[in-house]
Amino acid sequence: MKTIIHTIAIIISTCLFSNISWGQNNEGYEFFYKRSSLEMAYIESDDMPDKQYVDNAWNNYLKFNFPVQYNKHGVDINSVPVNDIELSVSEIEEAGYNVQTLRGYENVIQAIKNGKNVKVLNSDYSEALLLPDYEIYYKLKLDKYIKDNHIANKLVQRWYMYDKSSEEPFNMELIFARGNYNNNAGDEDVLLNSRKIGRRNTLNDAGTQLIPFTFITFTKLDFYSNEPVAALVRDLAIFTADMLKDQSLEKGANPNTVELIYNLAVTAANTAYSAAKDGYTLKTTTWLYRLHWDNETENIMYDEIWNNPSLIETSDAFYLDYIDSQTNSSIVLFPVNMSGEGIIDLTVNRNISNILKVLQEKNDVFKVLTRIEGFLVNDNLEAPLSVIDKKYFSAYIGTNEGLRGGETFDVFDSDDNYLGKVTAVKGMVWDNEENNGSYQIQCDKNGNAVTFTTFKGKIKNPTSDMTIRNPQAPKKVNITARIGLKEGVDKKSIFEVLSFNYDETNECFDTIVVSRVKPIKSQIWDNLYYGSSEEISEMEIKKRSKDGLIITETYFKANKKVKPGMWLRKIK
């Protein structure tokens with residue numbers, strides 16, 4: 001039970017929803033969701049037109065459009081110099097891919113026309129290496145970069161706030177924050193001491209269940225003028241026509257016929273060039289990786305690295321698992337009414353957003369994930385009940401215990417005799433949830449402070465020591481999660497309820513789909529303003545509330561299979 005004196009002290013100050021600021025406060029407090037974490041790295045290309053615009057567009061995306069479905073992990077990875085990474089033929093073949101040698105002009109030219117990854121070895125195009133397709137080839141380069149630069153180690157360092165200059169190089173603050181752990185007195189000691197005994201059950205409640213859901217993407221932006229590419233295709237076509245012309249004449253073909261065919265080929269090549277030369281093409285490719293984290297990795301972290309902190313920088317225990325890659329391309333034309341920089345910014349944002357959407361659709365592990373925050377009205381809820389008058393009663397329980405109005409409770413006296421039922425009155429539910437060290441001020445329709453929850457009912461022979469208790473648990477329960485409009489939740493959304501059970505035999509987490517749930521239409525969290533510095537007016541507060549209560553979570557109807565500690569994954 002929250003301290004009533006503290007709440008009353010705040011209530012005295014005001015009872016109006018005047019201006020409430022959402023998101024970050026002046027002290028730099030950052031609200032973390034219980035969800036997957038994501039880092040996004042940029043693969044720069046030096047040989048592109050308007051390079052500064054493309055680079056700016058990437059930076060703008062990270063600053064203004066970073067996908068809200070994930071916690072931004074916060075590892076400072078500069079642009080990846082993938083073009084400087086050399087792969088030998090032996091390295092490619094050791095990774096399981098063949099490198100074929102192409103001989104003969106026709107074979108080399110045909111491979112180029114087909115968009116193959118070809119490394120030409122001489123000026124007359126008579127010999128070349130046929131390398132793996134571009135996505136695979138650059139993925140192999142990324143694998144080498146990831147390993148050589150210990151990228152997985154950097155992701156783990158971030159989780160444990162590693163500071164090698166500190167006397168205590170590791171701390172759990174980020175895990176506390178992202179797990180929304182109750183940072184009460186003694187909790188940190190319990191958490192840190194749990195390294196030795198039973199740490200898994202304790203740590204999972206504090207956010208380490210989120211560590212296996214740490215992802216990193218590497219995005220390559222290739223922005224190039226269509227004209228050089230179109231010119232190359234044209235020149236290759238004309239070069240081929242010249243060779244065919246010479247070969248035909250050497251074989252004694254009719255010169256007039258050969259010349260006619262040659263002119264038609266040249267005309268077709270020039271026509272195709274004229275149609276394709278305008279504008280630019282933005283090709284966007286993203287490779288998705290996941291931090292590998294299992295029981296063995298966790299044991300190494302706490303049993304070996306915790307007391308030898310420097311090992312976290314280079315330990316081979318940490319590595320990334322490759323998940324998937326996606327590519328899309330957009331033709332960029334500069335309209336008269338929009339700047340070149342603006343259209344590039346728009347195209348980059350659109351391409352990356354579309355790629356992430358496809359990666360989510362094709363990979364369950366990357367879909368929007370959030371933890372179930374609470375169960376409305378705990379099954380074992382019990383509280384003292386006081387008399388207001390013949391029909392109305394009061395109790396110091398409220399939104400923190402899951403009440404929203406309309407809940408019915410059984411009433412008993414001190415000898416456990418049943419006295420009747422009471423129902424929480426809508427609009428008269430005490431908002432006693434702590435929010436970043438303070439409480440929201442809830443008022444009734446007359447502007448009076450609501451400092452307890454009002455109940456209505458018929459009780460025979462009320463006493464001074466009555467108690468309300470939950471009736472038998474209902475077949476369906478309401479659950480909540482901190483996800484809303486900003487993440488695309490609407491009345492048609494569907495979520496899977498997941499349970500991550502640890503398999504001791506295989507030392508891994510088994511993902512079990514428990515059931516499916518849908519959000520309650522009238523109780524979807526409008527968090528579009530959340531994270532901005534914009535203040536919300538009293539009018540907006542009313543629009544975003546139900547029964548006088550501000551909705552700060554989305555509510556779902558669920559069955560009794562759903563238990564505390566489970567997760568929601570958005571599948572539609």
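**Close-up views of a predicted model**

**View 1. A three-stranded open sheet.** Leu 102 has Ala 128 in S6 as its bridge partner. S4 and strand S6 (residues 127-130) run antiparallel and pair over 4 bridges. Together with S5 they form an open sheet of 3 strands in the order S4-S6-S5, with antiparallel pairing. Strand S4 (100-103) and strand S5 (118-120) are the edge strands, each pairing on one side only. On average, neighbouring strands here are turned by 30° against each other, direction ignored. Two strands pair if DSSP finds at least two bridges between them. Helices (H or I, at least four residues) and strands (E, at least two) are DSSP runs, numbered from the N terminus. Axes are lines fitted to C-alpha atoms, for helices over the stretch in contact, and angles run from 0 to 180 degrees between N-to-C directions.

Before moving on, a word on the model. This is a predicted model, in which local features need pLDDT of at least 70 and side-chain atom pairs count only at pLDDT 80 or more, while totals for chains, interfaces and linings use all residues. Residues are numbered from 1 along each chain as its sequence is written, and side-chain values use heavy atoms, with hydrogens and water left out.

**View 2. A barrel of strands.** Here 6 strands close into a barrel, in the order S12-S13-S18-S15-S14-S19, with antiparallel pairing. Neighbouring strands of this sheet are turned by 40° against each other on average, direction ignored. Follow strand S14 (residues 408-412) and strand S15 (residues 418-424), which pair in the antiparallel sense over 5 bridges. Within this pair, Asp 410 has Lys 421 in S15 as its bridge partner.

View 3. Look for Glu 91 and Lys 144, whose side chains meet in a salt bridge (3.2 Å, N to O). Glu 91 sits in helix H3 (residues 89-94) and Lys 144 in helix H5 (residues 134-148), so the pair links distant parts of the chain, 53 residues apart. A salt bridge is a side-chain nitrogen of Lys or Arg within 4 Å of a carboxyl oxygen of Asp or Glu, and by this rule the count comes to 10. Glu 91 is partly exposed at 29% relative accessible area, and Lys 144 is partly exposed at 25%. Buried means under 20% relative accessible area, exposed over 50%, and partly exposed in between (1.4 Å probe, protein chains only).

**View 4. Further salt bridges.** Lys 220 pairs with Asp 222, their closest N and O atoms being 2.5 Å apart, and both residues are buried. Lys 367 and Asp 364 also meet in a salt bridge (2.9 Å, N to O). Lys 367 is buried, at 13% relative accessible area, whereas Asp 364 is partly exposed, at 39%. Elsewhere, a network of salt bridges links Glu 496, Arg 516 and Arg 569.

**View 5. The largest nonpolar core.** Among its 70 residues, Met 40, Tyr 160, Phe 218, Met 301 and Leu 320 touch the most other members. Helix H13 (residues 340-362) gives the most to this core, with 7 residues. A nonpolar core is a set of buried Ala, Val, Leu, Ile, Met, Phe, Trp, Tyr and Cys residues joined through side-chain atoms within 4.5 Å. Leaving out residues up to four places away in sequence, Met 301 touches Val 156, Tyr 160, Phe 170, Trp 293, Trp 306, Ile 312 and Phe 318, where contact means heavy atoms within 4.5 Å.
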